[in-house]
Structures are given as C-alpha cells and as structure tokens.
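My notes follow as numbered points, beginning with the ground rules and then moving from the whole chain to a few local details.

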Amino acid sequence: VCLTVSDGNNTSDPFCLEIEVEDDNKADFTYEDLGDRQIQFTDASTNAPSFWIWDFGDGNANGDQNPVHTYALAGNYSVSLTVTDTNNCSTSVIKNVEVYVPPVAFFSATNVCEGNTTSFIDLSIANPLPIVSWTWDFGDGNTSASQFPNYIYASPGAYYVSLTVVN
C-alpha cells in the first residue's frame with residue numbers, strides 16, 4: 001500500500017507500507033440438548049480463535065469456548081457466537097436454538113380389584129412435543145407399551161406401577 005503526497009510544484013513523495021491480510025475466522029457452533037432445558041454449546045469456528053463471546057438469547061452471556069447453559073423456560077432462542085483471533089479479527093454467527101421441556105408422566109387407574117381388568121389412563125403432559133412412546137411397568141414383572149393399557153392382576157397385593165414417557 002502506498003500513499004503519494006504532491007505539492008503545487010509537481011513534487012511528490014511516496015510512502016509505502018507492506019501489509020499482511022490474515023485468513024478470516026469463520027464463527028460456527030453446534031449444540032446438543034442435554035435434557036431439562038440444559039444445552040451443551042460446542043465451538044466449531046475456523047482458524048483457531050482465542051476469544052469467545054456467547055449470547056444465549058435469554059439475557060445471559062458467557063466467555064467459555066464450549067459452555068453449557070441452562071434455560072429457565074422452554075422456547076426458541078437466537079444464540080450468537082462472536083469469535084476473535086490473536087490478530088483481533090472478529091466474526092459472528094447467529095443460530096436459532098429450540099429448548100424443550102421433557103414430558104411429565106402422570107396417570108390414573110380404575111377398577112383396581114383382584115381378577116378384574118384394571119384400566120390405566122395416561123394423563124401425561126407433552127411439553128410441547130407429542131409423546132411418542134409409553135412404557136408401563138405394572139410392578140409384578142409385566143410391562144406394556146400401550147398408551148392406555150388394560151391389565152389383570154393375578155393376586156392381591158401392593159404393586160408399584162410406573163410410567164415412562166418419551167417425546
């Protein structure tokens with residue numbers, strides 16, 4: 001790069017300086033939902049940045065390279081990552097991150113009598129994705145994958161029944 005200065009007498013004096021243009025960073029990241037509104041962010045930027053600024057889109061920020069962030073609420077968040085290298089070159093990327101709340105398993109049962117058919121009623125809350133699988137454990141070694149199973153207990157007793165749901 002050269003700068004030439006001229007005066008009114010057609011006299012000029014050039015000044016030249018060699019500059020080096022560095023490879024540009026390219027900010028990028030991936031993320032993984034760890035469950036219960038907790039997200040693992042992983043830096044995937046190019047050219048080895050040395051400084052990171054994460055804006056999680058919920059009013060919180062972080063300077064770690066690969067932070068884990070817990071959101072207070074489920075929802076869509078615009079997450080930005082700005083990276084800077086040792087030459088003070090910066091670049092940013094913004095991605096939408098959808099945070100889910102796990103489903104809540106809940107049920108009731110009717111007609112719980114020895115030898116009679118007991119109906120189990122799924123009352124689970126999806127939060128907001130639909131539930132795609134149900135796993136019932138009737139407490140006597142038997143299971144079901146039905147959303148609304150019917151079951152007959154062979155003998156009287158106390159049984160610990162559990163329901164696991166997945167969305």
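1. A word on terms before the details: helices (H or I, at least four residues) and strands (E, at least two) are DSSP runs, numbered from the N terminus. This is a predicted model, in which local features need pLDDT of at least 70, side-chain atom pairs count only at pLDDT 80 or more, and totals for chains, interfaces and linings use all residues. Residues are numbered from 1 along each chain as its sequence is written, and side-chain values use heavy atoms, with hydrogens and water left out.

2. The protein chain has 15 strands and 0 helices. Its radius of gyration is 30 Å, well over the 15 Å that the globule rule gives for 167 residues, so the chain is more spread out than a compact globule. (The radius is taken over C-alpha atoms, and the rule is 2.2 Å times the number of residues to the power 0.38.) Along the principal axes, the C-alpha atoms fill a box of roughly 115 × 25 × 20 Å.

3. How much of the protein chain is buried? Of its 167 residues, 25% count as buried, where buried means under 20% relative accessible area, exposed over 50%, and partly exposed in between (1.4 Å probe, protein chains only). The accessible surface comes to about 10600 Å², and 51% of that belongs to carbon and sulfur atoms. These areas come from the Shrake-Rupley method with a 1.4 Å probe; for residues, only the protein chains shown count as cover.

4. On contacts (heavy atoms within 4.5 Å): among those between residues at least 6 apart in sequence, 49% join residues at least 24 apart.

5. Please look at the loop between β3 (29–35) and β4 (38–43), where D36 lies. D36 is not a glycine, although it has a positive phi of about 55°; it is partly exposed, with a relative accessible area of 47%. R37 lies in the loop between β3 and β4 too. R37 is not a glycine either, and has a positive phi of about 70°. R37 is partly exposed, with a relative accessible area of 22%.

6. Finally, an open sheet is formed by 3 strands in the order β13-β12-β15, with antiparallel pairing. β13 (143–144) and β15 (162–166) stand at the edges with a single partner strand each, so one side of each is left without a neighbour in the sheet. Two strands pair if DSSP finds at least two bridges between them, and 2 bridges join β12 (residues 133–137) to β13. W136 stands opposite S144 in β13.
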